[in-house]
Amino acid sequence: MYRSPHHRYGTLTWGLALLFATVGCISPAVHKNVPAFANAVTLATENTKSAFDAVEQTYENVQAERIVVNYDTQGFNPKMVNRFLDPEDLEVRLTLLDALQRYASTLADVSGDEKLDLFDDKTRALGSSLQSLTGKAAFQKLVSSSARDANIAATAVNALGRWFIERKRQQRLPQLIEEMQDPVKSTAELLEADIGSAPDERGRGGHGLRDQLWNEYTQALLQQVAFIDHNKDHFDPASKAAEIRKLPALVRQRSLADQTLKQTQAALTELVDAHGALLRATKAKTDVHTEFSALISEAQRIKSFYDSLQKKD
């Protein structure tokens, strides 16, 4: 069953408070743009985390059904119970999402406020963990499965790490944002490529997490059909009908799980677009608050999609 996790907005609240405290250091237009960008990024990254949670929940359900179907022939072994993503693989993805979210909320660091020192200890720790992340097997696996250039991916993540470690305190906001344009874009695109695409009607052409999840459901469907065919002479009518009803339910769950991942790709694309819009607006000292509001509305629509899954199960 899908469960929408509780979204924490403490980091966003903190970031907005600091951003509003920097009045006078940057233009009023820019002052509006940065908090709006932080809000859009927070929604996008939190929704992506929600997607991983939702997919894990439904994968747990379909895996349980497969164990039931195969119990007579395979019995049960605890090793049959697996997660869709291993803990270390999930941690890599969540760390990258946290980095994007923290970057957006710490753009206020350009103000040079000494009161940020206590927070900087945690921020530097995140920076160090990002730089060590690129040497881990789970990161290399993510890059390889996403078919991304390993050097570009590592450079982008290291740049995000340096952002948190160096604590740049300059008032040249356009320059700082421009420096981070490629790292933010490459990191988001790495996560987007990792999600990939579902296969076509013939089961071909898919890649990434969507392909992996789709195939897991397809395998469950085939096993359910085989189970029904093998036991059809032993089922009473009610039991047989109940088993057959599981087939369209699996098809529906497969589609919903795939849509969950597909929606996150839209959010990551919006994140990249939002950063580009922020840079253009900052250079031109114009207000694009309306544009960011549209991005926020889209992110909220995606969140509503996740919430609706729980009601449908």
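Modeller: Glu189 counts as partly exposed, with a relative accessibility of 23%, where buried means under 20% relative accessible area, exposed means over 50%, and partly exposed lies in between (1.4 Å probe, protein chains only). This is a predicted model, in which local features need pLDDT of at least 70 and side-chain atom pairs count only at pLDDT 80 or more, while totals for chains, interfaces and linings use all residues. Residues are numbered from 1 along each chain as its sequence is written, and side-chain values use heavy atoms, with hydrogens and water left out.

Glu189 forms a salt bridge with Arg148, their closest N and O atoms being 3.4 Å apart; the term stands for a side-chain nitrogen of Lys or Arg within 4 Å of a carboxyl oxygen of Asp or Glu. Because Glu189 lies in helix 8 (residues 181-195) and Arg148 in the loop between helix 5 (137-145) and helix 6 (150-166), this pair ties together parts that are 41 residues apart in sequence; helices here are DSSP runs of H or I with at least four residues, strands are runs of E with at least two, and both are numbered from the N terminus. Arg148 is itself partly exposed, at 35%.

Glu189 also meets Lys185 in a salt bridge, at 2.7 Å from N to O. These two residues stand 4 apart in helix 8, which means that about one helical turn separates them, and Lys185, at 33% relative accessibility, is partly exposed. By the rule for salt bridges, the count comes to 11.
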